[in-house]
Amino acid sequence: MNWKFAGDRPVYQQIMAAIRGAILKGELPPGGKVPSVRDLAAQAQVNPNTMQRALTELEREGLLTSGRSVTQDEAVLVAMREQTLEELARECAEKFMTFGVTPTQAAQLLLGLETKKEE
């Protein structure tokens, strides 16, 4: 997992985002066991209490089970994916708009990148 933290929001929220990303990428598959709080805290170089808070919040969201495995509930996983992608799209749109680029123009630019990649 990518454990790079910025000062723009609380570390536990950034940890949650990293774990969500690992689930989306398949690094932590449905039903897969999540490493222990101490192991994850050591990897991320954070206090175990911070890691515990992040994992507890992910349990509360239904993404992790109380046994610290990734949920196998497809509806929860689909909702998490949609929410994550919507947040990413919103962040991108806000950055584009600072340069006067509309969401439609941004979409065209992104489609252009896909075309270039295929060439």
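**Entry 1: one residue to start.** I looked up I23 and found that it touches L28, L63, V70, L77 and M80, leaving aside residues up to four places away in sequence. Touching, or contact, is taken as heavy atoms within 4.5 Å.

**Entry 2: ground rules.** I am working with a predicted model, where local features need pLDDT of at least 70, side-chain atom pairs count only at pLDDT 80 or more, and totals for chains, interfaces and linings use all residues. Residues are numbered from 1 along each chain as its sequence is written, and side-chain values use heavy atoms, with hydrogens and water left out.

**Entry 3: the core.** I met I23 again in the largest nonpolar core, which has 24 residues. W3, I19, I23, M51 and L55 have the most contacts inside it. Such a core is a set of buried Ala, Val, Leu, Ile, Met, Phe, Trp, Tyr and Cys residues joined through side-chain atoms within 4.5 Å; buried means under 20% relative accessible area, exposed over 50%, and partly exposed in between, with a 1.4 Å probe and protein chains only. I noted that α1, α2 (37-44), α3 and α4 (74-98) each supply at least two residues of this core. Helix α1 gives the most, with seven residues. Helices here are DSSP runs of H or I, at least four residues, numbered from the N terminus.

**Entry 4: α1 with α3.** I checked how α1 (residues 11-25) meets α3 (residues 48-61): the angle is about 55° and the axes are 9 Å apart. That makes α1 oblique to α3, oblique being what is left after under 35 degrees (roughly parallel), over 145 (roughly antiparallel) and 65 to 115 (roughly perpendicular). Axes are lines fitted to C-alpha atoms over the stretch in contact, and angles run from 0 to 180 degrees between N-to-C directions. Among the residues in this contact I listed I15 and I19 of α1, and M51 and L55 of α3.

**Entry 5: α1 with α4.** I then turned to α4, which packs with α1 at about 115°, with axes 11 Å apart. R20, I23 and L24 of α1 meet L77, M80, R81 and T84 of α4.

Entry 6: Which value does phi of Q45 take? I read a positive one, near 60°. Q45 sits in the loop between α2 and α3 and is exposed, with a relative accessible area of 72%. R68 also has a positive phi, about 65°. I found R68 in the loop between α3 and α4, and there it is buried, at 16% relative accessible area.
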